[in-house]
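Subject: Structure for your review

Dear colleague,

Please find below the structure that I am handing over to you. I would ask you to keep it open while you read the notes that follow.

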Amino acid sequence: MPMTIDQFYRDNYSIVYGYLLSLCGNPSLAEELASETFFKAIQKINHYDGSCKPSTWLCTIARHLYFDERKRARRQVCLEEADLTSAASLEDQVIVSEQLRTVLKLAGRLPGESRQVFFMRISGLAFRDIGEALGRSEAWARVTFFRTKQKLMKQMKEWED
């Protein structure tokens, strides 16, 4: 006789709930996620291949839901913090944005290899990779980047004065 949904739920709920409670430590969140786990399992029942116990399959679904919930909660906190941004910090962001625009404009006027090294480095390339790409050594790339950075800092000071 095939198992009913009710029997499936009764046989596995305490395992799923206990697993989620051990992950999150919050009884109401564990209960909510356990319910969502069974809802997802019923939707995806045709994906269950029987290669593991039903409780193992359910715990896998529960784990994914838990991590999705954590991501969602982090995004929510970030959005709430962003809403609390003060006018002063907004002003600071505008200033930094203007400074960045100026640095990039000045960097665009640099001579060939200095400009290439600068843009390759701020794009995330390692000095070794920059040296190889330009047919030079890693040390040359480091020194060139340092000198270019110094030159840009001097130009920025002049621009600000």
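Helices (H or I, at least four residues) and strands (E, at least two) are DSSP runs, numbered from the N terminus. This is a predicted model, in which local features need pLDDT of at least 70 and side-chain atom pairs count only at pLDDT 80 or more, while totals for chains, interfaces and linings use all residues. Residues are numbered from 1 along each chain as its sequence is written, and side-chain values use heavy atoms, with hydrogens and water left out.

Overall layout

The protein chain has 7 helices and 0 strands, so its pattern along the sequence is α-α-α-α-α-α-α. Of its 161 residues, 24% count as buried; buried means under 20% relative accessible area, exposed over 50%, and partly exposed in between (1.4 Å probe, protein chains only).

Packing of H1 and H2

Two packed helices are described by the angle between their axes and the distance between the axes. Helix H1 (residues 5-24) packs against helix H2 (residues 27-43) at an angle of about 135°, and their axes are 8 Å apart. Here axes are lines fitted to C-alpha atoms, for helices over the stretch in contact, and angles run from 0 to 180 degrees between N-to-C directions. H1 and H2 are therefore oblique to each other (under 35 degrees counts as roughly parallel, over 145 as roughly antiparallel, 65 to 115 as roughly perpendicular and the rest as oblique). H1 passes H2 in a right-handed crossing; a crossing is left-handed if the near helix is turned anticlockwise from the far one by less than a right angle, and right-handed if clockwise.

Salt bridges

Side chains of opposite charge can pair when their charged atoms come close. A salt bridge is a side-chain nitrogen of Lys or Arg within 4 Å of a carboxyl oxygen of Asp or Glu, and the whole structure contains 4 of them.

Arg10 pairs with Asp6, their closest N and O atoms lying 2.6 Å apart. Because Arg10 and Asp6 are 4 residues apart in helix H1, about one helical turn separates them. Asp6 is partly exposed, at 44% relative accessibility.

In helix H3 (residues 54-83), Glu69 and Arg72 are 3 residues apart, which means a separation of about one helical turn. Their side chains meet in a salt bridge of 2.7 Å, N to O, and Arg72 is partly exposed at 41%.

Glu138 and Arg142 form a salt bridge as well, with 3.0 Å between the closest N and O atoms. Both belong to helix H7 (residues 138-160), where they are 4 residues apart and so separated by about one helical turn. Glu138 is partly exposed at 33%, and Arg142 is partly exposed at 42%.

Helix H5

Which residues of H5 are buried? They are Ser114, Val117, Phe118 and Met120. Phe118 has a relative accessibility of 7%; between Phe118 and Ala141 there are 23 residues of sequence separation and 9.3 Å in space, C-alpha to C-alpha.

Ile122 also lies in H5 (residues 112-122), but is partly exposed, at 47%. Together with Leu100 and Leu104, Ile122 forms a nonpolar patch on the surface, with about 260 Å² of accessible area. Patches are made of residues with over 30% relative accessible area and no salt bridge, where like charges are joined within 9 Å and nonpolar side chains (Val, Leu, Ile, Met, Phe, Trp, Tyr) within 5 Å. Accessible areas come from the Shrake-Rupley method with a 1.4 Å probe, and for residues only the protein chains shown count as cover. Just after H5, Gly124 takes a positive phi of about 105°.

Yours sincerely
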